[in-house]
Every structure is written in structure tokens, then in C-alpha cells.
Amino acid sequence: MTELPVLVVGAGPVGLVAASELLRGGVPVRIVDRLPAPSPWSKAVAVHARSLEMLHAMGVDDRFVDACVRTVGATLMGDGNELAEVDFSRVDSRYPFAASLPQDVTERILRDLLAEQGGEVERGVELVGLEQDDSSATAALRRPDGSVEQAAFAYAVGADGAHSTVREAVGTEFEGRFEGTSFLLVDCDAEHDLARDRIYLFLGATGLFALFPLPGKRCRLAAQLAAKPPEGATPSLADAQAIVDERTARALRLSAPRWLTYFEIHEAQVPAYRFGRVFLAGDAAHVHSPAGGQGMNTGMQDAFNLAWKLRLAWAGAAAPGLLDSYHAERHQIGARVIHTAGRLTGAMTSGGALPEHLRELLVSTLVGHTPIRETIARDLSETTIAYHGSPIVGGLPRRTVAHGPLRPGDAAPVVGGLAGRFDIRVHTALSFGGGAATGQRLERNFGPLVRSIAVDDPDGSIGARYGAGEGLLAIVRPDGYLAYLGELDDLEQAERVLARAIG
Ligand SMILES: Cc1cc2nc3c(=O)[nH]c(=O)nc-3n(C[C@H](O)[C@H](O)[C@H](O)COP(=O)(O)OP(=O)(O)OC[C@H]3O[C@@H](n4cnc5c(N)ncnc54)[C@H](O)[C@@H]3O)c2cc1C
């Protein structure tokens, strides 16, 4: 166990999740941001189902649901007509929708949570240097008065965005594609006769145009541009209205602009997420197309995955491989998001590569196909995220009644009486079928880091979802994913798997 705090660089959504989750687990944290005040911009406007499940575990899902528009699906439009629809309603989650709200509201909710955990962002404090040795990481922090403080930390989390100083300090670089597509972004009010709880994607000869709902009459527009705008240029509402008129073939009147900007898409990722005592998360680790709105969601989930591992490491209770599992689990997710977002953007923005009517036909045929449509909905909602090949999960899949096999590394279903029963500071051992003694032995062997629950399941609905059959031991990690699935009497295997995380 160390006395040194953990440093979180950057108080965007990713840094805020990391800092509040570390504090919840009793780890002292300093979170710094070079901006003197929070960013007021709406940037990422969709919080997807898997992130809402994470926010439920953090105790703030209600705040997001109260502040959002529940977006129930996306509609593809071509030449003024509906080509195809994707619906979130059949996604296997307690949240069959995306929560649409501006990013500054997301950040405010997370800052409030941080304050409730006893934390506060140090504003106007910039990381200007970072070194490390075997026992600590030393940061040079420039304060608002210009003085530079040298401070030692147990670990450092680089959540400092796409132009990350932490990334540079550890000597790594983004690898990927940098000659991006340019978009015009507008946050404004809009009068229109489209549904206010759906995303609309308009395909057109001159490029993609997307309309995302926000509370009230507010919306976010994103229009692909044929050419990169001149350096330093700012768009006007008239520019945006002209594109809307040309591409949507319907009455859509823009007013009350809050934010107009140009935005260029890059697709890149760092080759590694861990550098000794320093970790990269969020935009510091991966950037990609905003198609599907995955950037902020993926980043917040990076932070949630990392925080419980850092908590155990800080307390001297982590197995040797636990911190490495952050890269093993999250790098592949980042790579997949980059690939999927790129494909989605490519399919919708292939410009002159295909004649317009053929592209519309291709996209509508593909998206019109039910299994493909449901796969897209699950991918967008991020409910397909799982850590199957992870070095810290194990055991055997279980056949479940209606949902196919449940595998170690899947998200643990939060059904029936299990809602609110998991403590995100510990592993939870769920025994089905009268196996209380099994859970108690795990508690004895792993101390306060494992909590055991003998599942009370009178109608069998929880067991059916877990494939419990005659008896089952399921161990749920602090982040809600399944560390282990196995027989009640095979305690040794369960202990071997747990010992890969808790040492
Ligand atoms: C114009 C624009 C539009 C976008 N639209 C969308 C969208 O529609 N959908 C979507 O999913 N995503 C969108 N994004 C991306 C989304 O905003 C990011 O994925 C998300 O903000 C990532 O969060 P983060 O915490 O990793 O980084 P950021 O939100 O960038 O936060 C990083 C923080 O670190 C601070 N910082 C940086 N360097 C230092 C330093 N050296 N010392 C101290 N502090 C530092 C910064 O001040 C900043 O507050 C958009 C981004 C932009 C810029």
C-alpha cells in the first residue's frame, strides 16, 4: 500500500469518471485541468445503453435519464424518403434507448458526483512534464500563477484528450489515418416535422448530413463537407441552413445557434494503453469518426475499467497481471470502435465512389435486413462489449433460456432482485442453488475484496438468465462484468481465476 495519491490529468468526461471512481474506493486523487473553467460545448450528444448501465452502477443513471431525450432509434433518409430504420427498443438492456444530452451537462453531472465523493477539479493547472521510476510518477504541474509544482504520485491517468501531453511524456504516438473528412457542426434550435426522439441520417450526393435530437427544440447537426474549410474559418447559421436545404429535401428551419464549428475526423489509436505507472484513456488513447457517437462512451468505459484495477493496485491488493489487463481489455475495444465507426462513415459518405441511387439501394438493403439492423443497434448501444479473451476472466459458458450462451467476460445481467445488489468496490460471488458455503469460503480466502450473495430466486427468473440449472457460481467484477462462471463445487478453479485479479 502506498500513501501517494493518483493523478488524473484532464477533467473531461473520462477524467471525471476515473477520479470519482478512485475516490469512491478510498484512493486519494488529484484531478487537474488546464482550462480555467469547464468547456461549455455540447460535443458528444449520445450516452448509450452500456454507459447508462455503468452510470447506474455509479448511482447517477437517473440524473442522465432526467436530463435527456430518450432516443429510440435512427432513421436513414435518402432523397426525402425513409430508407431504413434501426431501433434501440430490442437491445438487451435496462435502457432500450440512447440518452441524448449535451456533453457540458454530462460533465456537470459527473462533476457533481465527484464533489459528492469529496473531490474537486484543480482548474488552470497544466501538466507540463511527467517522469516515472519504480516507485512513483513525478508530475510538473504549472499553476495559474505560472509557478511549477513538482509532485509525486502512485499512478497517473492521462485523460487529457486528443492532444494529450501525457501521451507525449510517455513517448508514444497515435498510429492511424490523419487526412480526415471535414464536418460542419451546429448546435441550435430547429423547426421540423420529424420525430424528436430519433437520429436522422440523410444520404446525399454531396455528403452525409446527420440530425441528432437534444432536449426541447434543440438539436445537433453534422454535415460532411466536400473540402477542408480554410484555416481559422468559422461557419455561419446561413451556411448550415444552405446545407440543410440542399440535402434534406424537407422543411427544416434553424434558429438560435449556440455553437457552430468545423470538425475534422481522424482515426487513430496508441499502440499501448499502459506505460509503467501511467495509463492513457479516452481521446488521449483513441480518436475516430463521431458516426454512432462512440467516442465519449468508449472513453468513460475505459476509465471505469481502469479505476477498480488502480484501486486494488493502490491498496497493494492487485495480482501482478491486473494492471496489464487494462490494455488487454480496452485496447481491442478501442480498435473495434475505430473500425466500426470508420466503416459506418465510409458506407454513408463514399461520395463519388458509387452512383447515388446505387449507394442508397445498397445501404437500405443492408440496413433493411433484420439481423443486420439488430446487430447495428447492439453495436451502437455498446451492449456487445465483452472481455471474452481477457487474461483475468475464466470458467465455462452457460446456456441460458432466451439469450443464448452467457460467457465469462460478458456483462453480468442485472435482473430481478439483483438490481442495486452489486458493490462496485468489490467482486460479488453469486451462488445459485443453495451454495452459500461456497461464497463464504471465497469471502474467507479473499477477505473484504469479495462479497458473497446466496441468490434468492423464488420464480427462477434470475437463474434462467444466468443459465444456473442445478447450481452455479458466478463472480461479478467491480465493473459489472463476469470474472467467472462455473460449478458450485469447483471452488479451486474459481479461486485460481480470482487470484489473477486479486493478489
Ligand atoms: C468539436 C467536437 C465535436 C464532437 N462531437 C462529438 C459527437 O457528436 N459525438 C461523440 O461521441 N463525440 C464527439 N466529440 C468527441 C468527444 O467530445 C470526446 O470523445 C470526449 O470529450 C472525450 O473525453 P476525454 O475526457 O477523453 O477528453 P476531453 O473531453 O477532450 O477532455 C480532456 C481535458 O483535458 C484537459 N487537458 C488537456 N491537456 C492538459 C494538460 N496538459 N494539463 C491539464 N489538463 C489538460 C483539457 O482542458 C480537457 O478539459 C466531439 C469533439 C469535438 C472537439
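Start by selecting Arg398 and Glu487: the two form a salt bridge, with their closest N and O atoms 3.0 Å apart. Keep in mind as you look that this is a predicted model. Now color by secondary structure and check where the two ends sit. Arg398 is in the loop between strand E23 (394-395) and strand E24 (427-432), while Glu487 is in the loop between E27 and helix H13 (491-498), so the pair ties together parts that are 89 residues apart in sequence. Arg398 has 12% relative accessibility, which is under the 20% cut-off, so Arg398 counts as buried. Glu487, at 39%, counts as partly exposed.

**Next selection: Glu329 and Arg477**

Here the side chains meet in a salt bridge with an N to O distance of 2.6 Å. Which parts of the chain does the pair tie together? Glu329 belongs to helix H8 (residues 324-348), and Arg477 to the loop between strand E26 (472-476) and strand E27 (482-486), so the link spans parts that are 148 residues apart in sequence. Are Glu329 and Arg477 buried or exposed? Both are buried.

**Next selection: Arg177 and Glu267**

This salt bridge has its closest N and O atoms 3.7 Å apart. Glu267 lies in strand E19 and Arg177 in strand E13, so the pair ties together parts that are 90 residues apart in sequence. Glu267 counts as buried at 17% relative accessibility, whereas Arg177 is partly exposed with a relative accessible area of 34%.

Stay here and bring up the strands themselves. You'll find an open sheet of three strands, ordered E13-E19-E22, with antiparallel pairing. Strand E13 (175-177) and strand E22 (286-287) are at the edges with a single partner strand each, so one side of each is left without a neighbour in the sheet. Zoom in on E19 (residues 267-269) and E22: two bridges join these antiparallel strands. To see one of the pairings, pick Gln269, whose bridge partner in E22 is His286.

E9 and E10 (residues 137-142) run antiparallel and are joined by six bridges; they form a hairpin with four residues between them. Click Gly129 and then look across to its bridge partner in E10, Ala140.

Keep Ala140 selected and look to E11, where Gln150 stands opposite. E10 and E11 (residues 148-153) are antiparallel too, again with six bridges. The hairpin they make has five residues between the strands, and Gly146 in this hairpin takes a positive phi near 95 degrees.

Thr75 has Glu85 as its bridge partner in E6. The hairpin has two residues between the strands, and Asp79 in the turn shows a positive phi of about 55 degrees.

**Last stop: the ligand**

How many residues surround the ligand? There are 30, the closest being Asp33, Gln103, Leu127, Thr165 and Asp283. Color the shell by class and you get 14 nonpolar, nine polar and seven charged residues.

Several elements supply at least two shell residues each: helix H1 (13-24), strand E9 (126-132), strand E18 (253-264) and helix H7 (295-314).

Now put some distances on the polar atoms:

- Val14: a backbone N or O atom lies 3.1 Å from an oxygen atom of the ligand.
- Thr165: a polar side-chain atom is 3.0 Å from a nitrogen atom of the ligand.
- Asp283: an N or O atom in the side chain is 2.8 Å from an oxygen atom of the ligand.

To finish, show the ligand's surface with the protein around it. On its own the ligand has 990 Å² of accessible area, and the protein covers 87% of that.

Note on methods. Residues numbered from 1 in each chain as written. Predicted model: local features only at pLDDT ≥ 70, side-chain atom pairs only at ≥ 80, totals over all residues. Heavy atoms only, no water. Near = heavy atom within 4 Å. Polar contact = N/O pair within 3.5 Å; in protein donor to acceptor, adjacent residues only side chain to side chain. Areas by Shrake-Rupley, 256 points an atom, 1.4 Å probe, with all protein chains shown as cover. Nonpolar A, V, L, I, M, F, W, Y, C, P; charged D, E, K, R; others polar. Pairing = 2+ DSSP bridges. Salt bridge = Lys/Arg side-chain N within 4 Å of Asp/Glu carboxyl O. Buried < 20%, exposed > 50% of the residue type's maximum accessible area, 1.4 Å probe, protein only.
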